[in-house]
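Thanks for sending this one over.

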Amino acid sequence: MEAKWRWVLITAIAPIAWGSTYVVTRQLLPADIPLWGAVFRALPAGLLLLALRPGLPRGSWWLKALVLGTLNMGAFFALVYVAAQLLPSSIAATIMATSPLAMMLLAAALVSERLRALPLAGAAVGLVGVALLVLTGPVSIDAWGVAASLSAMALSSLGYILAKRWQSGVDVVTVTAWQLIAGGLLLVPAALVVEGPVPALTPTELGAFAYVGIIATAVAFVAWFSGLAHLDAASVGLIGLLNPVTGVLLGTLVAGEVLSGRQVVGLLLVLTGVLLGQPIAARLRGRRRRLLSGP
């Protein structure tokens, strides 16, 4: 059980780091180059991991790295860009909060993980919590933006489960490196067409991209895929709900604002949902059943 909790904590590094990118992006990064921003995030991170753990894909892993890089990085970053242009961030975050449920369903179909009541309940509770946390007022909803956000959620969820299915016995750092490299390279043509030549960056922007690339991408994705290798998809998916929680808390700290009562309730619900999907919850439920059934 202690080993499981260690992997839970390692996996949590990813959504917490991803949540911090909201503040960094809003405060320090240029808003008009999202595609080049995704390239600057993915490609250097992949090259850094490759330098730390040199190695080439072997056999079918050339194709697998391309597929996973497209789903988890290239297509995901591009669709998130479209969604960000068409939807309020609160709506996009709420849609992305359905990812744990999608991961559970895909894991049942692709890696034969049994659907369990507690994680499913956790996904529902967490989704309500995210909605309370981020939906703070009336918003406009664009159908194309919703489609882009749903597609980003579905493709990344599929990519995560395929990574779980394929990465058994394969070095996580090397696999993550080649996913990032493939995804970054796939984004370069789109960035050139949509945003033009490679933009010049200020020292502040370079420092911000260094943080996003090293911490929120290289370290975060290694932690995330390590979690997928050692935990079931339900546990990992629900841990991902810490992403919007971190974003809201850091944004509140930077702005010097106080969470509303509704947001506090949402925060507690998200944390409850995350805990319901972890091994300790199933263990406690089994112990309760044994006590109720008697000797």
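The points below go from the overall fold to the core, the salt bridges and the surface.

1. A word on conventions. This is a predicted model, so please keep in mind that local features need pLDDT of at least 70 and side-chain atom pairs count only at pLDDT 80 or more, while totals for chains, interfaces and linings use all residues. Residues are numbered from 1 along each chain as its sequence is written, and side-chain values use heavy atoms, with hydrogens and water left out.

2. Overall fold. The protein chain has 13 helices and zero strands; helices (H or I, at least four residues) and strands (E, at least two) are DSSP runs, numbered from the N terminus. Its radius of gyration is 19 Å, close to the 19 Å that the globule rule gives for 295 residues, so the chain is as compact as a globular protein of that length. For reference, the radius is taken over C-alpha atoms, and the rule is 2.2 Å times the number of residues to the power 0.38. Along its principal axes, the C-alpha trace spans about 70 × 50 × 35 Å.

3. Of the 295 residues, 48% count as buried, where buried means under 20% relative accessible area, exposed over 50%, and partly exposed in between (1.4 Å probe, protein chains only). Among contacts with a separation of 6 or more, 92% are between residues 24 or more positions apart; a contact here means heavy atoms within 4.5 Å.

4. The nonpolar core. The largest nonpolar core holds 74 residues, and Tyr160, Trp224 and Phe225 touch the most other members. Helix α9 supplies the largest share of this core, 11 residues. By definition, such a core is a set of buried Ala, Val, Leu, Ile, Met, Phe, Trp, Tyr and Cys residues joined through side-chain atoms within 4.5 Å.

5. Leucine 43. This residue sits in helix α2 and is buried, with a relative accessible area of 18%. Which residues does leucine 43 contact, leaving aside its neighbours within four places in sequence? They are Leu180, Ile181, Gly184 and Leu185.

6. Salt bridge between aspartate 171 and arginine 53. The count comes to three salt bridges, each being a side-chain nitrogen of Lys or Arg within 4 Å of a carboxyl oxygen of Asp or Glu. In this one, the N to O distance is 2.4 Å. Aspartate 171 lies in the loop between α7 (143-166) and α8 (172-195) and arginine 53 in the loop between α2 and α3 (61-86), so the pair ties together parts that are 118 residues apart in sequence. Aspartate 171 is partly exposed at 29% relative accessibility, and arginine 53 is partly exposed at 38%.

7. Salt bridge between glutamate 113 and lysine 164. The closest N and O atoms are 3.7 Å apart. Glutamate 113 is in the loop between α5 (99-110) and α6 (117-134) and lysine 164 is in helix α7, so that distant parts of the chain, 51 residues apart, are linked.

8. Salt bridge between arginine 116 and aspartate 232. Here the closest N and O atoms are 3.1 Å apart. Arginine 116 lies in the loop between α5 and α6 and aspartate 232 in the loop between α9 and α10 (233-239), so the pair ties together parts 116 residues apart in sequence. Arginine 116 is partly exposed, at 22%, and aspartate 232 is partly exposed, at 24%.

9. The surface. The accessible surface comes to about 14000 Å², of which 70% belongs to carbon and sulfur atoms. A nonpolar patch of about 480 Å² is made by Ile13, Leu48, Leu52, Ile214, Ile215 and Val219. Helices α2 (34-52) and α9 (203-230) each give two or more residues to the patch, and α9 gives the most, with three. Isoleucine 215, in helix α9, is partly exposed, with a relative accessible area of 35%. Areas come from the Shrake-Rupley method with a 1.4 Å probe, and for residues only the protein chains shown count as cover. Patches are made of residues with over 30% relative accessible area and no salt bridge, with like charges joined within 9 Å and nonpolar side chains (Val, Leu, Ile, Met, Phe, Trp, Tyr) within 5 Å.
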